[in-house]
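Reader: I want to learn how to read packing features from a model. Please take me through one, step by step.

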Amino acid sequence: MSDQLETIEDYYRRVRKNQIKMFDSEDFETGKSHFNISMRRYCSFKSPYNRRDYYKISFIIGKGTIHYGAHQLYIDRPVLFFPSPSIPYSWECESDIQEGYFCLFNQEFFNGNSEFSLFKKTSMFKEWSKPVVFLTEEQTQLATLYFEQIYKMNNSAYPFCCSSIKSNLASVMHLALENRVEDINPNELPANVRLYKLFDELLNKQFPLDSPAYPLALKTPSDFAEHLNVHVNHLNSSVKSVTNLTTTQIIKEKMFEESKNLLKYTNWDIAQIGYTLGFDQPAHFNNFFKKHAQTSPLKFKNLS
C-alpha cells in the first residue's frame, strides 16, 4: 500500500497549481465540516496515486482507467465510484468526452450527519468492497438528477440547501447499495482483511446507542478480540495492516462520533452519555471529549 497520503488541503493546492477551475470556492478550514462538488471534465494528466484523508464520490461518464490498490478497472459506461480513502487510487482519462460530477467531503462532514449513520454499517467506503458500481440507463438518469440537485444546492442561497445536499447524497448512496448488498465473497478476502471486516461490522452494529439502560458492551481491543476468538495482538496487527490505524484509534473515533450525536440529538445529561459510552466516572468522559473536541461536552451540547 502506498504511504503517500493526500490531505484535503493538498488536494486544493494541487488543483490551484494545475490551474484547474473545478470549484467556485476553494477555501478550506481545517477541522470544519467540508463539502464541495464539481462537474467532471477531461484532464490530460493522471491524478496522483495516493491514499486520501477525505472521501470522494464520482459519477463518471466517459472512458478511462481507475487504478485502485493492486487492481486496474477499465470504465467504458456510466459508473459510480466510491473509493476507500485508505486504498491508494488514481484516474486516467481515455476519451476526450468526460461528463458527470464528483464531490468530496472530509471526515467531519461524514461523521457529523446522522443521515449517514446507516451507511457506516454497510460496505460503503470499506477496504474490502468493490468501489465501482456500473449503472443502467434508468439508474444513470436517476444519478444525473441527484447530482444536478446537489450541484444546484451547493451554489444556492436557499436556507435549507445543506439538508437538500445531504438528502440527495444519501439517495446516491442508496442507488449504489441497491446493486451491492453483499458485494464480495468473504472467502475471497485475505485473512487480515477478513478479520478487519468482522471487527468493523461488530463495532458498527453497536451504534447508535439507544438508551442508558444498554451501555456500550465492547469498548477495548481485548473485548473485540475475545468476542472474535482471536489473540488481541493478531487483531491489532490485522487492523493496522488494512487501515494504517490502531484498533484503539478506530474504537475511540467511533465513540467520539457517537458522543457528539448523543450530545446533539438526545436530552440525556452528560453523566448518562458518559456512562452509556462505557466511562465509569463523568470526569473520565469529560477528559476524553476535551481531548478530541478541544471543548467540554457541556459547551458542545449548549452550542449544538
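**Reading the packing**

Author: Start with T65, which is found in strand β5 (residues 64–68). Helices (H or I, at least four residues) and strands (E, at least two) are DSSP runs, numbered from the N terminus. This is a predicted model: local features need pLDDT of at least 70, side-chain atom pairs count only at pLDDT 80 or more, and totals for chains, interfaces and linings use all residues. Residues are numbered from 1 along each chain as its sequence is written, and side-chain values use heavy atoms, with hydrogens and water left out.

Reader: Is T65 buried or exposed?

Author: Look at relative accessible area: buried means under 20%, exposed over 50%, partly exposed in between (1.4 Å probe, protein chains only). T65 has 17% relative accessibility, so T65 counts as buried.

Reader: Which residues is T65 in contact with?

Author: Contact means heavy atoms within 4.5 Å. Leaving aside neighbours within four places in sequence, T65 is in contact with Q72, L73, Y74, S90, W91 and E92.

Reader: How many helices and strands does the protein have?

Author: The protein has 11 helices and 10 strands. Of its 304 residues, 49% are buried. Now take contacts between residues at least 6 apart in sequence: 72% of them join residues at least 24 apart.

Reader: At what angle do α5 and α6 pack?

Author: Axes are lines fitted to C-alpha atoms, for helices over the stretch in contact, and angles run from 0 to 180 degrees between N-to-C directions. Angles under 35 degrees count as roughly parallel, over 145 as roughly antiparallel, 65 to 115 as roughly perpendicular and the rest as oblique. Helix α5 (residues 191–205) and helix α6 (residues 221–228) pack at about 110 degrees, with axes 11 Å apart. The two are therefore roughly perpendicular.

Reader: Which residues meet there?

Author: From α5 come L195, L198, F199, L202 and L203; from α6, F224, H227 and L228. By class, that contact has 7 nonpolar, 1 polar and no charged residues. The classes: Ala, Val, Leu, Ile, Met, Phe, Trp, Tyr, Cys and Pro are nonpolar, Asp, Glu, Lys and Arg charged, and the others, Gly among them, polar.

Reader: What does H227 touch?

Author: Not counting residues up to four places away in sequence, H227 touches L202 and L218. H227 and L202 are 25 residues apart along the chain, and their C-alpha atoms are separated by 9.1 Å. L218 sits in the loop between α5 and α6. L218 is buried, with a relative accessible area of 14%.

Reader: At what angle do α6 and α7 pack?

Author: The angle is about 105 degrees, and the axes of α6 and α7 are 8 Å apart. These helices are therefore roughly perpendicular to each other. P221, S222, F224, A225 and L228 in α6 meet V232, L235 and N236 in α7. That contact has 6 nonpolar, 2 polar and no charged residues.

Reader: Which residues have the most contacts inside the largest nonpolar core?

Author: In soluble globular proteins, nonpolar side chains tend to be buried together. A nonpolar core is a set of buried Ala, Val, Leu, Ile, Met, Phe, Trp, Tyr and Cys residues joined through side-chain atoms within 4.5 Å. Here the largest has 33 residues, and Y196, F199, F224, L235, I273 and F285 have the most contacts inside it. Apart from this core lies another, of 31 residues, including F109, F119, C161 and L169.
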